[in-house]
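Student: I would like to take a close look at one part of this structure, the pairing of aromatic rings. Could you please take me through that part and then through what surrounds it?

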Amino acid sequence: MSAEKRKARALRSAARAAGYCGLVHPDGGASCTRPPHTDRQHVDYYNGRPSFASASGTQWTE
């Protein structure tokens with residue numbers, strides 16, 4: 001397994017341990033910060049917010 005794949009696996013594992021879904025956005029720069037879920041909707045509440053006061057940032061469907 002390549003170092004890049006090991007790093008991605010470790011990051012997702014850490015996100016899960018913190019209580020997040022952890023799926024990385026296909027274009028990068030965001031990862032799902034919702035609790036683990038079964039639907040295909042993902043949102044990063046921290047990255048990609050249009051303004052500081054916005055409640056959520058980058059959203060995508062798997």
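Tutor: In this predicted model, the count of aromatic pairs comes to 1. The pair is made by Tyr 20 and Tyr 46, whose ring centres lie 6.5 Å from each other, with 65 degrees between the planes. Because planes over 60 degrees apart count as edge-to-face, the arrangement of Tyr 20 and Tyr 46 is edge-to-face. Tyr 20 belongs to the loop between helix 1 and strand 1 (41–43), and Tyr 46 to the loop between strand 1 and strand 2 (59–61), so the pair ties together parts that are 26 residues apart in sequence. As for accessibility, Tyr 20 is partly exposed, at 27%, whereas Tyr 46 is exposed, with a relative accessible area of 53%.

Let us now consider what precedes Tyr 20. Helix 1 covers residues 3–17. Helix 1 is followed by Gly 19, which has a positive phi, near 95 degrees. Glu 4, a residue of helix 1, is exposed at 68% relative accessible area. The C-alpha atoms of Glu 4 and Tyr 20 are separated by 21 Å, and the two residues are 16 apart along the chain.

In soluble globular proteins, nonpolar side chains tend to be buried together.

What is the distance between the sulfur of Cys 21 and the nearest cysteine sulfur, that of Cys 32? The count of disulfides comes to 0. Cys 21 is in no disulfide, the sulfur of Cys 32 being 4.0 Å away. A disulfide requires the two sulfur atoms to be within 2.5 Å, and Cys 32, with the sulfur of Cys 21 at 4.0 Å, is in no disulfide either.

Finally, there is a contact between charged groups to note. The structure holds 1 salt bridge, formed by Asp 39 and Arg 34, with the closest N and O atoms 3.1 Å apart. Asp 39 is partly exposed, at 35% relative accessibility.

Note on methods. Residues numbered from 1 in each chain as written. Predicted model: local features only at pLDDT ≥ 70, side-chain atom pairs only at ≥ 80, totals over all residues. Heavy atoms only, no water. Helix = DSSP H or I, 4+ residues; strand = E, 2+ residues; numbered from the N terminus. Buried < 20%, exposed > 50% of the residue type's maximum accessible area, 1.4 Å probe, protein only. Salt bridge = Lys/Arg side-chain N within 4 Å of Asp/Glu carboxyl O. Phe/Tyr/Trp six-rings, centres within 6.5 Å; stacked < 30°, edge-to-face > 60°.
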